[in-house]
Amino acid sequence: MDSLQNPLTEWFERLGDQVVKYKNVVIVVLVAAIAGGAGFVGYRYYRSNVQVAAHKDFMQALRYFDAPVKKEADVSADQLYFASAEEKWQKVAQVFKDGYNNNKSSDLAPMFQSFWAEALIKQGKLSEAIDELKGALNTMVSDDLKQLYSVKLSLMQLDSKNEQESNEGLERLKQIAYNTQNASHGLALYHLGMHAWTNKKFGEAKSYWQQFVVKFSDERALNDKVNVVKSKLDLIAV
């Protein structure tokens, strides 16, 4: 099975790339929070200003997150870029860390922390990233984002060399998968199947993936994962 030659590459998508997809959701959540605070006086007026300031800092920080790694000859004079990935993720980590420390009282604080964690992952600092994302989840306002990032945290923990962390991540992923009311229920089923596949527990993988395909084969957002699962189920059936 060629698909088994590098199973971690397929399994541990880690939702890292999907962080970019979360940005629009994050921005919508923040704008809603700002709008909700607008037009009030006293404390609510103060809270509105806090949210606006956090939004400004967050959008500025995203410029660094999105900045490409390129050679100087490949960019325009006014374009933000980095000469190396190492330089980029050190800067991104610092920018979001500062943003978190400067906006701890805002609803966006956990998102600064989440993107900070992502930059730590890129630097190979998984243990630190896990700690930051755990902290972010404790204060995250949006249920949908909290559920998504709970899956991400679980995958990060599964990749940890710390057995306690790994076991904790697996148990959380199972809880999400078994909770049909959780918006990330499908993602959890998919990744549980990948975890089982990686560990050559093909019976378990088949069980998780059959549930996944039955429930989410028509879900456009999960279409790419459904196709992956179907191809692997065909291999198991052989």
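Glutamate 132 sits in helix H6 (residues 126–139), in what is a predicted model rather than an experimental one. Helices here are DSSP runs of H or I with at least four residues, strands are runs of E with at least two, and both are numbered from the N terminus. Glutamate 132 is buried but has no salt bridge. Buried stands for under 20% relative accessible area, exposed for over 50%, and partly exposed for anything in between (1.4 Å probe, protein chains only). A salt bridge calls for a side-chain nitrogen of Lys or Arg within 4 Å of a carboxyl oxygen of Asp or Glu. For glutamate 132, the nearest side chain of opposite charge belongs to lysine 97, 7.6 Å away; Lys and Arg count as positive and Asp and Glu as negative, with His and the chain ends not counted. Leaving aside residues up to four places away in sequence, glutamate 132 touches Gln113, Trp116, Ala117 and Leu120, a contact being heavy atoms within 4.5 Å. Helix H6 also holds threonine 139, which is partly exposed at a relative accessible area of 47%. From threonine 139 to methionine 111 is 28 residues in sequence and 9.5 Å in space, C-alpha to C-alpha.

A word on how to read the model. Residues are numbered from 1 along each chain as its sequence is written, and side-chain values use heavy atoms, with hydrogens and water left out. Local features need pLDDT of at least 70 and side-chain atom pairs count only at pLDDT 80 or more, while totals for chains, interfaces and linings use all residues. The pLDDT score is the predictor's confidence in each residue, from 0 to 100. Its average over the protein is 84, and 78% of the residues score at least 70. Where pLDDT is low, the predicted coordinates should not be read in detail.

As for the overall build, the protein has eleven helices and zero strands. Of its 238 residues, 46% count as buried. Among contacts with a separation of 6 or more, 55% come from residues 24 or more positions apart.

The expected span is 1.5 Å times one less than the number of residues. In H7, 13 of the 16 residues are buried, so this helix is largely enclosed by the rest of the structure. Helix H11 (residues 223–237), with 15 residues, reaches 21 Å from its first C-alpha to its last, close to the 21 Å expected. The buried residues in H11 are Lys225, Val226, Val229, Lys232 and Leu233. They cover an arc of only 130° around the axis, which puts them on the same side of H11; the arc is that of the directions from the helix axis to the C-beta atoms.

The whole structure contains four salt bridges. One of them joins lysine 152 to glutamate 118 (2.7 Å, N to O). This pair ties together distant parts of the chain, with lysine 152 in helix H7 and glutamate 118 in helix H5 (residues 109–122), 34 residues apart. Lysine 152 is buried at a relative accessible area of 1%, and glutamate 118 is buried at 2%.

Glutamate 165 pairs with lysine 134 in another salt bridge, the closest N and O atoms being 3.2 Å apart. Here too, distant parts of the chain are linked: glutamate 165 is in helix H8 and lysine 134 in helix H6, 31 residues apart. Glutamate 165 counts as buried at 14% relative accessibility, whereas lysine 134 is partly exposed at 25%. Arginine 172 and glutamate 168 also form a salt bridge, again with 3.2 Å between the closest N and O atoms. Because they are four residues apart in helix H8, about one helical turn separates them. Arginine 172 is buried at 17%, while glutamate 168 is partly exposed at 30%. Shared partners join Lys134, Glu165, Glu168 and Arg172 into one network of salt bridges.
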